[in-house]
Amino acid sequence: MRNSSFRSPGYKPNIKFSAGDDYAIIAMVEKGLGISILPELVTRFQHEHVAMLEVEERSLRSLGIAVNSMKYASPATRRFLQHVQSWSSSQEVI
């Protein structure tokens with residue numbers, strides 16, 4: 001587990017079910033099969049049958065973009081990369 005809250009000595013979660021698809025995870029939680037920690041973006045519109053709480057310790061995720069060759073990148077790809085670079089440099093560092 002990545003979140004340091006779950007790395008304390010002696011803590012071992014009792015995992016009986018797991019899923020890789022976010023919507024399957026939400027469906028399992030709706031059916032009472034446990035809890036999950038998911039990014040806010042995934043849970044943003046899932047308010048009906050699931051109680052959501054914020055964890056005390058914020059966690060961050062690193063994202064990367066790979067392009068085979070800028071020489072052959074389409075104009076749309078080049079523009080998208082420019083937009084991402086501009087957006088990421090304007091974000092506040094926590």
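Met-70 is found in the loop between helix H2 (40-43) and helix H3 (75-90), where helices (H or I, at least four residues) are DSSP runs numbered from the N terminus. This is a predicted model, in which local features need pLDDT of at least 70 and side-chain atom pairs count only at pLDDT 80 or more, while totals for chains, interfaces and linings use all residues. Residues are numbered from 1 along each chain as its sequence is written, and side-chain values use heavy atoms, with hydrogens and water left out.

**Confidence**
- The protein chain averages a pLDDT of 81, and 88% of the residues score at least 70; pLDDT is the predictor's confidence in each residue, from 0 to 100.
- Confidence in the protein chain is highest in H3, at a mean of 91, and lowest in H2, at 81.

**Overall build**
- The protein chain has three helices and zero strands (E, at least two residues), and its pattern along the sequence is α-α-α.
- Of the 94 residues of the protein chain, 9% count as buried, meaning under 20% relative accessible area with a 1.4 Å probe and protein chains only.

**Two residues**
- Met-70 is partly exposed, with a relative accessible area of 40%, because that value lies between the 20% limit for buried and the 50% above which a residue is exposed.
- Thr-43, which has its place in helix H2, is buried, with a relative accessible area of 15%.
- Leaving aside residues up to four places away in sequence, Thr-43 touches Leu-38 and Met-52, where contact means heavy atoms within 4.5 Å.
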